[in-house]
Amino acid sequence: MENKQHPIGDLMSTTMQKIREMVDVNTIVGKPIVAGDVTIIPVSKVSFGFASGGSDFTTKNQKPEADNSFGGGSGAGVNIMPIAFLIVKGDTVRMLPIAPPPGTTVDRVVEMVPEVIDKVTGFIEKQQEKKAETTDTF
């Protein structure tokens, strides 16, 4: 028996190759934009889906050794949505979201984590400096 590749495999491979051509890493994390000492990096959310299907058909007068006729199709959809910009200035990196503010408390906390860490670290450093000053005077 001869080992043939079924046409549905070619159909699916072609569809996936076209999706790969449309979506690459530069689509998700864009090329940096440099303005003076500030670098802006766009970040996008990419979602895609595809479907394909087909069927073999036989004809009334088809010889038993003949190949069946094949009919099939495929489709794909890609959604690219910008979600934020990374702002790099010196040693500081900030994320500027484009989307509306987070809807839940957990989302707000996750978004605020970098700023909270900076504030807590600054507060601890100031307390340690005050303590060192007080210790030095006695």
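**Reading the fold**

Tutor: The secondary structure of this predicted protein comes to three helices and four strands, where helices (H or I, at least four residues) and strands (E, at least two) are DSSP runs numbered from the N terminus. Along the sequence, these elements follow the pattern α-α-β-β-β-β-α. Because the model is predicted, local features need pLDDT of at least 70 and side-chain atom pairs count only at pLDDT 80 or more, while totals for chains, interfaces and linings use all residues. Residues are numbered from 1 along each chain as its sequence is written, and side-chain values use heavy atoms, with hydrogens and water left out.

Student: In what order do the four strands form the sheet?

Tutor: Two strands pair if DSSP finds at least two bridges between them. Here the four strands form an open sheet in the order β1-β2-β3-β4, with antiparallel pairing. β1 (33–35) and β4 (92–97) stand at the edges with a single partner strand each, so one side of each is left without a neighbour in the sheet. From one strand to the next the twist averages 25°, taken from axes that are lines fitted to C-alpha atoms, with angles running from 0 to 180 degrees between N-to-C directions.

Student: How many bridges join β1 to β2, and how many join β2 to β3?

Tutor: Three bridges join β1 to the antiparallel strand β2 (residues 38–57), and in this pair Val34 stands opposite Thr39, while Ala35 stands opposite Val38. The two strands form a hairpin with two residues between them, and Gly36 in the turn has a positive phi of about 65°. Between β2 and β3, which also run antiparallel, there are 20 bridges, and Ser47 stands opposite Asn79 in β3.

Student: Is Ile80 buried, partly exposed or exposed?

Tutor: Buried means under 20% relative accessible area, exposed over 50%, and partly exposed in between. Ile80, found in strand β3 (residues 69–89), counts as partly exposed because its relative accessibility is 43%.

Key
Buried < 20%, exposed > 50% of the residue type's maximum accessible area, 1.4 Å probe, protein only.
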